[in-house]
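Here's a quick briefing to read with the model open beside you. Take the topics one at a time.

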Amino acid sequence: MRFPDVLRFARDAATGYPLRTSLSVLAMAIGVAAVVVLTALGDGARRYVVNQFSSLGTNLVIVIPGRSATGGFNPANAVTKTPRDLTTDDAASLTRLSSVQRVAPLLVGTSEISYGGRLRELVVAGTSSTYFDIRNFQIAQGKVLPDEDWNRAIPVAVIGEKIRDEIFGSQPAVGQFVRLGDRRVRVIGVLKPTGQGLGMNTDEVVFVPIALAQAMFNSNTLFRILVEARGRSHIDDAKLAVADQLKARHAGEEDVTVITQDAVLATFDKLLRALTAAVAGIAAISLAVAGILVMNVMLVAVTQRTAEIGLLKALGAQGRTIRHAFLAEAAMLSFFGALAGYLLGQLGAFALRQSFPVFPAYPPDWAVVAALVTALSTGLLFGIMPARRAAQMDPVQALMKH
Amino acid sequence: MALIELAGVERVFQLGDSTVHALSRLDLSITAGEYVAIMGPSGSGKSTLLNLLGLLDRPDAGVYRLEERDVTMLSPDEQAAVRSRRIGFVFQSFHLVPRLTAAENIALPMMLAGIPAAERTTRVRQALKDFGLDQRADHRPDQLSGGQRQRVAIARATIMQPAVLLADEPTGNLDRATGDDVIHLLEALNASGVTLIIVTHDPKLGSRARRQLMMEDGLLKQDMVQV
């Protein structure tokens with residue numbers, strides 16, 4: 001039998017039993033759609049997290065005071081002193097490193113802001129002008145912190161969008177004096193809304209020069225030092241250089257932790273990829289179930305069409321021909337099921353993106369390809385047994401069934 | 001020249017612990033162009049004989065020669081190839097594929113044999129005309145009368161121009177008048193040279209054949225040629 005004839009024959013056979021055919025197509029479609037939608041969810045979560053990290057700034061190296069503990073408890077640990085403070089001078093010394101582009105010290109505390117009888121609690125971040133470059137903050141009104149000596153406590157502040165709304169309402173904010181803790185500072189700029197930036201909502205933060213924050217909180221130490229490497233390829237160099245420099249400055253003691261954003265990002269990326277793969281695996285079980293259903297349907301088809309198989313044999317059909325016809329039918333069921341499932345899944349992912357615009361729920365290509373291939377191969381694989389059974393039927397016995 | 005030659009053919013079935021000799025030591029020779037009726041009560045082995053002649057079954061012993069070729073021990077696929085080209089079947093219950101139209105049913109053997117679609121179309125059109133089915137080409141079997149169905153089945157059986165036409169109770173499911181039409185059609189085909197072998201237990205139908213084989217208990221009781 002010619003190939004187009006095999007296809008036409010299988011198509012007619014499948015459409016001859018519309019209910020049975022549509023049910024098995026539906027089962028296959030649900031399996032594929034499940035894979036597509038679930039992996040879209042998993043990969044969407046990954047993209048979401050990656051985007052969040054990227055908004056932190058690029059080529060970032062972060063210095064945290066204190067050493068992350070390695071090794072267990074030992075008597076020597078018990079007597080070591082607390083880590084040395086991370087100071088503004090430490091931060092300033094890092095700017096001289098060749099692999100470093102910019103450095104920003106960061107000190108965070110809570111305080112109160114008051115203006116015109118309104119008062120609220122907020123987060124005060126002491127930093128430098130470089131911080132705004134590193135984190136890509138855009139200014140809405142006024143200007144960023146002045147590029148001044150880090151030891152000068154100029155009484156100026158840059159406020160977040162939400163603070164401006166709540167304290168100033170519709171009045172102009174830039175140029176006004178506000179009370180910040182026990183200080184009087186002048187507002188020189190308002191940030192554009194940036195939203196959530198990993199634990200800290202920058203819309204509700206006041207930025208002041210680092211020296212002012214240190215004076216306000218009566219503290220010498222820094223919360224973080226943000227370092228921007230000269231380029232992507234310099235991140236590792238910068239990390240090493242920063243660690244060496246601080247070790248040298250701290251009398252040879254490694255009492256800071258240097259992390260790169262890339263490392264954190266890579267960890268999350270790996271984690272969420274694994275999650276997506278796991279979810280895809282779970283969804284793939286439904287594909288196997290659909291495959292078994294296709295086998296079931298084909299076995300029923302073989303039983304139902306026993307007389308027809310006998311007839312085809314009497315008319316000179318070889319075993320191979322009959323096997324091909326039934327395999328083609330199984331392949332068609334899975335193919336159209338997979339196709340329908342693909343469209344259904346894309347539709348589901350689209351609906352997800354419409355309802356949650358921040359969540360980029362796109363199914364990854366590998367998952368789509370894997371789902372389609374698995375659907376087709378299970379359909380074919382589970383089609384083999386019924387097709388063989390049909391091909392091996394004894395024509396005399398088959399013809400008698402009616 | 002003998003078209004069909006059976007020598008010492010036996011067919012044994014195992015039913016539970018009893019052995020049934022459906023055919024025992026059968027010798028038979030049929031010449032090309034003959035008109036043969038195989039008759040006998042049910043269980044006499046006539047259907048078994050027809051299945052053997054149609055290469056749907058294989059004898060347990062003996063030799064079957066079709067057109068002077070020993071076809072006794074052919075593989076199922078080789079048997080299928082011979083059926084495709086040399087043997088046409090007509091069944092009591094027509095055995096049309098319900099989802100295919102009359103034209104598609106007639107074209108089925110050619111499709112299975114891999115004949116190109118263009119040639120199939122012309123041959124089917126000719127067959128539809130020859131069998132008076134032009135108006136019914138696109139009808140499905142359930143839209144056809146019994147007589148029309150059997151005519152479609154005969155058109156299908158002859159479309160590959162076989163040497164032998166095997167008919168198993170071809171009028172069994174038809175009323176007297178349409179049954180006669182079908183028989184006349186088969187006889188006309190026989191007159192044009194096709195060897196016709198009919199299995200029936202209707203003596204009236206059997207008596208129309210020039211040669212009658214009476215079967216009983218797997219044995220050939222009588223081989224009678226009308227003059």
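Domain bounds here come from an automatic or database domain assignment. This is a predicted model, where local features need pLDDT of at least 70, side-chain atom pairs count only at pLDDT 80 or more, and totals for chains, interfaces and linings use all residues. Residues are numbered from 1 along each chain as its sequence is written, while chains are lettered from A and ligands numbered from 1 in the order in which they are written.

**Domains of chain A**
- Chain A is assigned domain 1 (3-53 + 266-400) and domain 2 (84-254).
- Taken over C-alpha atoms, the centres of domain 1 and domain 2 of chain A are 56 Å apart.

**Where the chains touch**
- On chain B, 22 residues are in contact with 20 residues of chain A (contact means C-beta atoms, placed from the backbone, within 7 Å).
- α2 (76-86) and α3 (102-112) of chain B each give at least two residues to the side touching chain A; helices are DSSP runs of H or I, at least four residues, numbered from the N terminus.
- α2(B) brings the largest share of that side, six residues.

**A helix pair in chain B**
- Helix α5 (residues 146-158) and helix α6 (residues 176-191) of chain B have axes that come within 9 Å and cross at roughly 15°; axes are lines fitted to C-alpha atoms over the stretch in contact, with angles from 0 to 180 degrees between N-to-C directions.
- α5(B) and α6(B) are therefore roughly parallel (angles under 35 degrees).
- Among the residues that meet are I154(B) in α5(B) and L185(B) in α6(B).

Notes
Contact = placed C-beta atoms within 7 Å. Parallel < 35°, antiparallel > 145°, perpendicular 65-115°, else oblique.
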